[in-house]
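Open the model in your viewer and keep the selection tool ready. We will go stop by stop.

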Amino acid sequence: MPRHHKKSSAPGGSQRQLRVGETVRHAIADILAQGSVHDPELEGHIITVPEVRMSPDLKLATIYVMPLGGRDTEVVIAALERNKKFLRGEIARRVNLKFSPDVRFRADDRFDEAERIEKLLRTPAVQKDLAPNSPDSEE
């Protein structure tokens with residue numbers, strides 16, 4: 001009897017993907033916090049790693065990073081891409097997996113999206129709708 005595998009409908013993937021992603025996130029955050037990567041363009045930056053998404057086969061890790069203050073994002077990502085081989089080796093040493101995942105770095109745009117929504121909420125039209133005693137709400 002064949003087994004049918006259901007695709008996970010969870011937004012972040014399966015429980016295993018989430019667990020491994022979190023473990024890789026901790027490892028990469030420790031590596032960056034300790035200053036193990038010797039790159040002059042990374043030395044002046046404090047880098048936040050808010051999320052790591054793993055592929056279903058756990059062979060690809062997409063690491064979302066954000067430099068403190070959001071400045072020089074492209075420079076930081078380029079520096080991390082240059083040091084990808086070293087970082088992959090460090091992750092392999094710190095995380096016990098059958099295969100060391102390939103890594104790719106992306107800018108985390110969550111903060112930009114939250115700021116965009118915050119600006120929308122502050123617009124006069126939305127404030128008028130949210131006001132408790134607006135003239136339009138009287139019936």
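**Stop one: a helix and its neighbours**

Start with the buried residues of α1, which pack against β1 (47-54), β2 (60-67), α3 (73-82) and α4. Contact here means heavy atoms within 4.5 Å. Buried means under 20% relative accessible area, exposed over 50%, and partly exposed in between (1.4 Å probe, protein chains only). Helices (H or I, at least four residues) and strands (E, at least two) are DSSP runs, numbered from the N terminus.

A word on the source: this is a predicted model, where local features need pLDDT of at least 70, side-chain atom pairs count only at pLDDT 80 or more, and totals for chains, interfaces and linings use all residues. Residues are numbered from 1 along each chain as its sequence is written, and side-chain values use heavy atoms, with hydrogens and water left out.

Now select residues 15-34, helix α1. Its buried residues are Q17, V20, G21, V24, R25, A27, I28, I31 and L32. An α-helix has 3.6 residues a turn, so residues three or four places apart point the same way. Step just past α1 to G35, which takes a positive phi of about 75°.

**Stop two: a glutamate in α4**

Select E90, in helix α4 (residues 84-94). Is E90 buried or exposed? E90 is buried, because its relative accessible area is 13%. Show side chains: that of E90 makes a polar contact with that of R93, at 3.1 Å. A polar contact is a pair of N or O atoms within 3.5 Å; within protein, one must be able to donate a hydrogen and the other to accept it, and residues adjacent in sequence count only if both atoms are side-chain atoms.

**Stop three: the end of α6**

Finish at L130, in helix α6 (residues 124-130). L130 is exposed, with a relative accessible area of 57%.

Conventions:
Expected span 1.5 Å × (residues − 1).
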